[in-house]
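Here are my notes on this model. Please read them with the viewer open.

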Amino acid sequence: MKILHTSDWHVGKVLKGRDRHDEHAAALGSIVRTARDEDVDVVLIAGDLFETAAPNATAQGLVMRTLLALREDGRQVVAIAGNHDNQNLLDAVYRPVLGQLGLHVLGLPRRPGQGGTVALRTRAGETVNVAALPFLSHRYAVRAAEVLLHDFAEHSLDYARQVAAMVALLTEGFTGDAVNVVMAHATLLGGRRGGGERDVQTSLGYELPASMFPPNAHYVALGHLHRCQEIPGPCPMFYSGSPLAVDFGEQDNDPSVLIVTAAPGIRADARPVPVTGGRPLRTLRGTLDHVIAEGEQAGDAYLRVVLAEPSRAGLADLVRERLPNTLQVMLDDAHRPQPGRPGGRSGDRTSQVGRSPQELFAGFLTEQNIDDQRLTAMFGELLDEVTSEPAMTREA
């Protein structure tokens, strides 16, 4: 059978104030076309359908239409919640409504007989067992252990051991005459971050060992890390990555989905298929003239500009005027403000005593690494205006 594995859509994501709905619509349309062109039997969406826990109507409409399009032609569709998703929303609204249309949605962890593990039948009559584990926060892991494991003594277990125990429970029903698949939205040890993930939920005790997955699983479909990659382990396990670079840290990623070929008794094989529709992201570095020349050749890419020259009034506006696709302008390390410099805020405060306003302002500009004589002149004019004696006329 053929399985399409995707994750981390992050529909509703805004990049530096720029709405990206059209890009998301194009990228998800590309995924639907791949499902049709490859004639896949099963679609697995491993979490983070939305960017926020309160998605707007436009974002929800796009996700709903995409899920229904993926369900066409009898394809089985399974989706789980990620750390960005509203797990209660998916369970209370999406799960019952889409369940009536034959889609399987899971917001919160469930026991095998209550939807945590589902046995699906493909159009060709093949069986695929899917053990689904949505994202688990540290706080919820204890509560989930109670629900799934029925063991209040397990509170003393650490996060990794709790999740491993849940995976073991969900995969108990794997059989040799079916394709056995695990879905999880989690951070595995050794996984390379894509660049746009939330650090607090990809580290700080959230990393899990690949050894927690059983060797009789044909495939483990992972979500959470935005870079497409394979994780070494007892069975084939892959992150599909995000179909759209969510931030400039992901500008070098290759958006894709994975097409998995699997059969009972045969190790699954996965190959990436590119996802189109997202605008490229580029970071330009150098002097103003250099980045403008390079940016004029960047097509429709969104730009982050890192300038290698001192700050001056209107510099960012000048960049955006010449390069309208610029979303962020900053100075490189050599030209950023250095609070520790002489005259800076972290210097000896007694050294400010007796200095003229012009000297204090010059020290501030030095601290901020700003070399612009116009500012010095403007400051002098303003100082003259506010300190000069006002003209007074009196009647005799």
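1. **Basis.** This is a predicted model, in which local features need pLDDT of at least 70, side-chain atom pairs count only at pLDDT 80 or more, and totals for chains, interfaces and linings use all residues. Residues are numbered from 1 along each chain as its sequence is written, and side-chain values use heavy atoms, with hydrogens and water left out.

2. **Whole chain.** The chain has nine helices and 19 strands. Both are DSSP runs numbered from the N terminus: helices are H or I with at least four residues, strands E with at least two. Of the 396 residues, 48% are buried. Buried means under 20% relative accessible area, exposed means over 50%, and partly exposed lies in between (1.4 Å probe, protein chains only).

3. **Surface and contacts.** Among contacts (heavy atoms within 4.5 Å) with a separation of 6 or more, 65% join residues 24 or more positions apart.

4. **The six-stranded sheet.** This sheet is open, with mixed pairing and the order S7-S8-S9-S12-S14-S13. Strands S7 (117-121) and S13 (229-230) each have a single partner strand, so one side of each lacks a neighbour in the sheet. Two strands pair if DSSP finds at least two bridges between them. S13 and S14 (residues 237-239) run antiparallel and are joined by two bridges. In one of these strands, S14, Tyr-239 is the bridge partner of Gln-229. Helix H5 (residues 159-170) packs on the sheet and touches S7 and S8 (127-133); the directions of H5 and S8 make about 155 degrees. Axes are lines fitted to C-alpha atoms, for helices over the stretch in contact, and angles run from 0 to 180 degrees between N-to-C directions.

5. **His-24 and His-10.** His-24 sits in helix H1 (residues 21-37) and is buried at 2% relative accessibility. Leaving out residues up to four places away in sequence, His-24 touches residues including His-10, Trp-9, Leu-62 and Leu-244. His-10 belongs to the loop between strands S1 (2-6) and S2 (14-15). His-10 is buried too, at 1%, and has a positive phi of about 55 degrees.

6. **His-224.** Where is His-224? His-224 lies in the loop between S12 (219-223) and S13. Its phi is positive, about 125 degrees, although His-224 is not a glycine. Most residues other than glycine have a negative phi. His-224 is buried at 2% relative accessibility.
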